[in-house]
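Q: I am new to this structure. Could you show me how to read it, one feature at a time?

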Amino acid sequence: MRPLTGALRHHGVALLQAAMFEDMPHNLEAPHALGMTTVLVHSDFFDHPAQAKLKSWVEPPEHVHHMTDDLTGFLDGIAPLET
């Protein structure tokens, strides 16, 4: 977690205002524990047991806040940040 928190601190990004996008659900556990928003991006790029497990979910685990199979559409649907 130190590299993640260090990178966010270096760039002046608050944990509670940051989001982590990942295609492997277990990689979202640490960002969730830090208070970040997590987004699971479905990927058919490679065959991994974690990807197969997703198909059996009735609902995502608590460390996955959002899921999408269209990252561009997901990002387009987010309101622009105020500057």
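A: Start with the elements. Helices (H or I, at least four residues) and strands (E, at least two) are DSSP runs, numbered from the N terminus. In this predicted model, local features need pLDDT of at least 70, side-chain atom pairs count only at pLDDT 80 or more, and totals for chains, interfaces and linings use all residues. Residues are numbered from 1 along each chain as its sequence is written, and side-chain values use heavy atoms, with hydrogens and water left out.

Q: How many helices and strands does the protein chain have, and in what order do the elements run?

A: There are 4 helices and 3 strands. From the N terminus on, the order is α-β-α-β-α-β-α.

Q: What does "buried" mean, and what share of the residues is buried?

A: Buried means under 20% relative accessible area, exposed over 50%, and partly exposed in between (1.4 Å probe, protein chains only). Here, buried residues make up 24% of the 83 residues in the protein chain.

Q: How do I find the buried side of a helix?

A: An α-helix has 3.6 residues a turn, so residues three or four places apart point the same way. Now take helix α1, residues 2-10: its buried residues are Leu4, Thr5 and Leu8. They cover an arc of only 95 degrees around the axis, which puts them on the same side of α1. That arc is taken from the directions from the helix axis to the C-beta atoms.

Q: Which exposed residues does the other face of α1 carry, and what do its buried residues pack against?

A: The face turned away from the buried side carries the exposed residues Arg2, Pro3, Arg9 and His10. Packing is read from contacts, meaning heavy atoms within 4.5 Å. By that test, the buried residues of α1 pack against β1 (19-22) and α2 (29-34). Just after α1, glycine 12 takes a positive phi of about 70 degrees.

Q: How do I read strand pairing?

A: Two strands pair if DSSP finds at least two bridges between them. Here 4 bridges join β1 to β2, and the two run parallel. Glutamate 22 stands opposite leucine 40 in β2.

Q: Which residues is phenylalanine 74 in contact with?

A: Leave aside its neighbours within four places in sequence. Phenylalanine 74 is then in contact with Phe21, Val39, His66 and Thr68.

Q: Where is threonine 68, and is it buried or exposed?

A: Threonine 68 is in strand β3, residues 66-68. At 9% relative accessibility, threonine 68 counts as buried.

Q: How do I read a polar contact?

A: A polar contact is a pair of N or O atoms within 3.5 Å; within protein, one must be able to donate a hydrogen and the other to accept it, and residues adjacent in sequence count only if both atoms are side-chain atoms. For threonine 68, a polar side-chain atom lies 3.0 Å from the backbone nitrogen of aspartate 70. For histidine 63, a polar side-chain atom lies 3.0 Å from the backbone oxygen of proline 25. Histidine 63 is in the loop between α3 (49-54) and β3. At 12% relative accessibility, histidine 63 counts as buried.
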